[in-house]
Amino acid sequence: MRHLEALVAAARSAQEVREAALPLDQLREQARNVPSARCSIEVLRSPDRAVSVIAEVKRATATFADLSGVGDCGVMARFYEAGGTAAVSVVTEPSLYRGDLADLDAVRAAVDVPVLMNDMIVTPYQVHEARAHGADMLVLIAAAVPDVVLAGLIDRTHSLGMCAVVGVHTRREALTAVECGAEIVMVDARDPQTWDVDRTLFEQVAEVLPTDVVRLVTGGVRGPYDVMNYARSGADVVLVGEAILRSADPQQFVAELVAAGAHPALLSTTNREAQ
């Protein structure tokens, strides 16, 4: 948990600096003047595919491998969109993942698909900030804040027209997310302490989720085979980052993941019929 606590502390500190330069009332005005958020749930849960793909732009991985060579995030996002991604995720967390709000701006300007802001969001100011920079969805980590704060952040996110994607590692956190109003729950298959990937974790956690909740999984997708396995385990969406960025042809790699998610053999699974 120390790693999480460090990220939370860094997020609060950085937010205070930004708020000193741009007060909340001015930020709210900026958020009101951007185009309305795109409807994300309908895009993510499409009847023509078993599982949707969110391709992620980031400058460092969970194991802190340097991916800064990706260059212009907007250019990369256009490759993803051409490959058929349902949405683009942008890691904007600066202290460990080397992200920046400028990366979000670049992606928002480059693509028409929904954009997910992936950061350590722990204050209402950051929610308004996400909207002001054009985010359609944002990540909230269930373990990062008390339940009452999580519920408030989810409500604030939805009130601004965005979708909250609540990240969890356990069944208890998944149930808490739903109780707090989450409509999209993201199960992270990586151990938060060791970063080891357990591809069976998703199914263990997701089975407690109601079928009307969008079930998203991140971690452990190396290629189309993993996309299909997660679909069979009940995933509605897979979020893929490092594997795409390390591929020789990101656009083609995304296209292969998207094709796997729409494989005809998956469309008649028990899970999809139950929905």
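Reply: A salt bridge here is a side-chain nitrogen of Lys or Arg within 4 Å of a carboxyl oxygen of Asp or Glu. The side chains of Lys58 and Glu56 meet this test, with N and O 3.5 Å apart. Both Lys58 and Glu56 are buried. The model is predicted. In total, it holds 15 salt bridges.

Another pair sits in helix 2, residues 24-32. There Arg32 bridges to Glu29, with the closest N and O atoms 2.7 Å apart. Arg32 is exposed, at 57% relative accessible area. Glu29 is partly exposed, at 38%.

Arg246 pairs with Glu242, and their closest N and O atoms are 2.6 Å apart. Arg246 is partly exposed at 49%. Glu242 is also partly exposed, at 28%. Elsewhere, shared partners link Arg38, Arg108 and Asp136 into one salt-bridge network.

Now the surroundings. The barrel is closed by 8 strands in the order 1-2-3-4-5-6-7-8, with parallel pairing. From one strand to the next, the twist averages 25°. Strand 3 (115-118) and strand 4 (137-141) are joined by 2 bridges. Leu116 has Met137 as its bridge partner in strand 4.

Helix 4 lies across strand 1 and strand 2, at about 165° to strand 1. Its buried residues include Met76, Ala77 and Tyr80. The buried residues of helix 4 pack against several elements, among them strand 1 (52-57) and helix 11 (242-245). Asp72 caps the N-terminal end of helix 4, a side-chain oxygen lying 2.7 Å from the backbone nitrogen of Gly74. Gly84 follows helix 4, with a positive phi near 105°.

Terms used:
Residues numbered from 1 in each chain as written. Predicted model: local features only at pLDDT ≥ 70, side-chain atom pairs only at ≥ 80, totals over all residues. Heavy atoms only, no water. Buried < 20%, exposed > 50% of the residue type's maximum accessible area, 1.4 Å probe, protein only. Helix = DSSP H or I, 4+ residues; strand = E, 2+ residues; numbered from the N terminus. Contact = heavy atoms within 4.5 Å. Polar contact = N/O pair within 3.5 Å; in protein donor to acceptor, adjacent residues only side chain to side chain. Pairing = 2+ DSSP bridges. Axes fitted to C-alpha atoms, helices over the stretch in contact; angles between N-to-C directions.
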